[in-house]
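I opened a new page for this one and went through it a piece at a time. These are my notes, in the order I looked things up.

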Amino acid sequence: MVDIPAATHHVQGDSALRTLGAISTAHWVSHFHIFVLPMLFPFLKERLGVSYIDLGFALTLFAVVSGLTQAPIGYLVDRIGARKILIVGMTLGSAALIGLGLSLSYPSLIVCAALLGLANSVYHPADYAILSAHMDETRMGRAFSIHSFAGFVGGAVAPAIMAALVAGVGGQSALIVAGVIGLAVVLMLIVIGIPDAGAIHSRNMDGAPAAKVSMLTPAILLLTVFFTLLSLSQNGINSFGIVAMMTGYGSSFSAANIALTGYLGCSAIGVLVGGVLADRTERHSQIAAGCFAINAAIVFTIASVTLPALALTLTMALAGFLSGVIVPSRDMLVRNAAPPGAAGRTFGIVSTGFNFGGILSPLLFGWLMDHALPGWVFGVSAGFMAATVLLALVSERKPTFVSGTVSASRR
């Protein structure tokens, strides 16, 4: 009998901090690049002479390509190594933005969106494979939380950075600068020499290829659905929360923006707190279920009661904080469900749930707004949160992977 070891090749001290900092910076770039095109929509509409529907198609293509390629990229991470995949993906996305800036046209925009979608699909499987393999086991939750926090920050600063670039150097040059920022981080990853993962864990201790295990386990399938519901519950508030508060509850534009800013800002803070909690317990499903249950009640309250501006902001901030606390425990659930040496594939498969949610949510919540049902934006979001409570409670299993006489278990 040959035991397949879990990823235990942790780096220590300064090396671990460098790895975490580098991978978190890469995640910052991924979220920054996601927002580059939407932030330039006014410029692109004027320069290209297209409609918002045409521009929206580019974002839909981004989501579809990213969703279809997450799982295959996860397999490549485990097959040839996370480091190569991450560097190639970041280079591709950065080059796509530079290319669009150099040759601005609607066909170029469509090609750029598709390439950005492909590039976006590398981050979760590659990043989490590297972190899972090389972070201290006792600090894994905090490592995941810092990684997620960096992504939150990337999205948060993108509007300000792009607005400043457009005002300073123009729209086309702003695209080029956004791409150059990505290439600069790629160079940093190469200079630092980030450790690899995936391919180095696909063999047994004696060097022989590891036995194959099934990836379509009940836990992984449930977590994919879990991620889809999570995406649906959050995208409705993120994308349609402001217009729903304005049309449904009489909030002013500034009050609605302040409330959503409180939600997003406290989500980032909650991620860091959630990392500490994730390291202090193995009951990740209970943390996720508890936070979702409370959040569902809070969001349902927002849907049912017209709150004063201050109360609305505080309630939204609390909901955002709890949604952030969930994130590290969510990632630990996925890590614990991953077969040995298959972190890339597992995170790649499960992360497709985010893309499914990203494709479905604009249609669902847009339909609600078109039919004058703004309260249901929050009501349906609360319903999705309630559904995740049940899934969270059944998603955390301590699997025993069997292939012939080969077995391994987490923790």
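Before anything else, a cut-off to keep at hand: buried means under 20% relative accessible area, exposed means over 50%, and partly exposed is whatever falls in between. I also noted that this is a predicted model.

**Cysteines.** I looked up two of them. Cys-266 has 22% relative accessibility, so I put it down as partly exposed. Cys-112 comes out at 2%, so that one is buried. How many disulfides does a search of the whole structure find? It finds zero. A reminder to myself: a disulfide is a covalent bond between the sulfur atoms of two cysteines.

**Asp-279.** I found this residue in helix α10, which covers residues 253-280. Buried or partly exposed? Its relative accessible area is 19%, and the limit is 20%, so Asp-279 counts as buried. Next I checked what it touches. Leaving out residues up to four places away in sequence, I got Thr-138, Arg-139, Met-140, Gly-141 and Arg-142. I wrote down one distance here: the C-alpha atoms of Asp-279 and Gly-141 are 5.0 Å apart, though 138 residues separate the two along the chain.

**Helix α6.** This helix runs over residues 123-134, 12 residues in total. From first C-alpha to last I got 16 Å, close to the 16 Å expected at 1.5 Å a residue. How many of its residues are buried? The count is 12 of 12. Among them are Tyr-123, His-124, Asp-127 and His-134.

**Nonpolar core.** The largest one has 119 residues. Which members touch the most others? I listed Leu-37, Leu-44, Leu-86, Met-90, Met-316 and Phe-378. Helix α9 (residues 218-249) gives the largest share of this core, with 14 residues. I then followed up Met-316. Setting aside neighbours within four places in sequence, Met-316 is in contact with Ile-237, Met-245, Ala-259, Leu-260, Tyr-263, Ile-302 and Phe-378.

**Cavities.** I counted five of 30 Å³ or more.

Technical notes. Residues are numbered from 1 along each chain as its sequence is written. This is a predicted model: local features need pLDDT of at least 70, side-chain atom pairs count only at pLDDT 80 or more; totals for chains, interfaces and linings use all residues. Side-chain values use heavy atoms; hydrogens and water are left out. A nonpolar core is a set of buried Ala, Val, Leu, Ile, Met, Phe, Trp, Tyr and Cys residues joined through side-chain atoms within 4.5 Å. Buried means under 20% relative accessible area, exposed over 50%, partly exposed in between (1.4 Å probe, protein chains only). Helices (H or I, at least four residues) and strands (E, at least two) are DSSP runs, numbered from the N terminus. Contact means heavy atoms within 4.5 Å. The expected span of a helix is 1.5 Å times one less than its number of residues. A disulfide is a pair of cysteine sulfur atoms within 2.5 Å. On a 1 Å grid over the protein atoms alone, a cavity is a set of points where a 1.4 Å probe fits but cannot get out, and a pocket is an open set with protein on both sides within 12 Å along at least five of seven lines; lining residues have an atom within 4 Å of a point. Grid points are joined across faces, edges and corners, and a volume is the space filled by probe spheres set on the points.
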